[in-house]
Amino acid sequence: MEELELILETSEERMAKTIEALKESLRSIRTGRATPGLLDGVLVSYYGTPTPINQVANISAPEASLLLVQPYDKGSIKDIEKGIIAADIGLNPNNDGDVIRIPIPQLTEDRRKELVKQAKKIAEEFKVQIRNLRRDGNDDLKKLEKGSVSEDVIISGIDQIQKKTYEMIKEIDVILTNKEASIMEI
């Protein structure tokens with residue numbers, strides 16, 4: 001019985017981590033507002049080493065349509081600017097020597113629809129991951145059947161994993177709906 005509970009607990013934990021990873025993935029998709037998360041995927045060549053931008057600069061959003069990047073080391077400001085341009089995220093940094101200002105342009109209707117499609121694609125990939133975790137949990141339960149665990153207990157475990165899978169897929173749908181709404185709002 002301990003093995004069964006361990007399998008169920010492990011499956012649930014892995015599914016919860018997948019939901020957190022989805023939320024993190026969706027943060028990088030732009031909405032109409034400036035958020036420091038927009039620059040999460042930007043790498044800066046810092047003394048020849050690709051480094052995440054948030055490790056070489058402080059990023060803030062003083063206004064809804066402006067990001068402010070303040071480098072910890074003023075000598076790296078050009079590299080930070082190059083990194084933002086190289087990331088190809090549709091933003092044009094303005095370097096004044098001390099800080100980098102990044103105006104966030106309003107999204108067009110077509111661009112918003114593209115971003116919604118991108119969010120849906122990401123959400124679908126995470127649903128597949130949840131289903132794969134369900135399969136892994138079910139496989140682990142079926143391995144127990146060869147031991148001393150009864151078939152009824154295995155079936156009950158499979159049902160519990162299925163219920164958790166449904167919950168997680170519904171949660172992904174709610175997260176996606178919220179993201180779509182924030183992308184489409186003007």
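Student: What share of the 186 residues in the protein chain is buried?

Tutor: Buried means under 20% relative accessible area, exposed over 50%, and partly exposed in between, with a 1.4 Å probe and protein chains only. Here buried residues make up 39% of the 186. This is a predicted model: local features need pLDDT of at least 70, side-chain atom pairs count only at pLDDT 80 or more, and totals for chains, interfaces and linings use all residues. Residues are numbered from 1 along each chain as its sequence is written, and side-chain values use heavy atoms, with hydrogens and water left out.

Student: How many helices and strands are in the protein chain?

Tutor: Helices (H or I, at least four residues) and strands (E, at least two) are DSSP runs, numbered from the N terminus. The protein chain has four helices and six strands. From the N terminus their order is α-β-β-β-β-α-β-β-α-α.

Student: In which order do the strands of the open sheet lie?

Tutor: Strands of a sheet pair through backbone hydrogen bonds, either parallel or antiparallel. Two strands count as paired if DSSP finds at least two bridges between them. Here four strands form an open sheet, ordered E3-E4-E6-E5, with antiparallel pairing. Strands E3 (57–63) and E5 (94–95) are the edges, each pairing on one side only.

Student: How many bridges join E5 to E6?

Tutor: Two bridges join E5 to strand E6 (residues 100–103), and the two strands run antiparallel. Asn94 has Arg101 in E6 as its bridge partner.

Student: Which strands does helix H2 lie across?

Tutor: Axes are lines fitted to C-alpha atoms, for helices over the stretch in contact, and angles run from 0 to 180 degrees between N-to-C directions. Contact means heavy atoms within 4.5 Å. Helix H2 (residues 77–86) lies across E3, strand E4 (66–71), E5 and E6, at about 20° to E6.

Student: Which residues of H2 are buried?

Tutor: An α-helix has 3.6 residues a turn, so residues three or four places apart point the same way. In H2, the buried residues are Ile77, Ile80, Glu81, Gly83 and Ile84. Seen down the axis of H2, they fall within an arc of 160°, so they line one face of the helix. The arc is that of the directions from the helix axis to the C-beta atoms.

Student: What do the buried residues of H2 pack against?

Tutor: They pack against strand E1 (43–46), E3, E4, E5 and E6. On the other side of H2, Lys78, Lys82, Ile85 and Ala86 are exposed.

Student: Which residue with a positive phi follows H2?

Tutor: Asp88 follows H2, with a phi near 55°.
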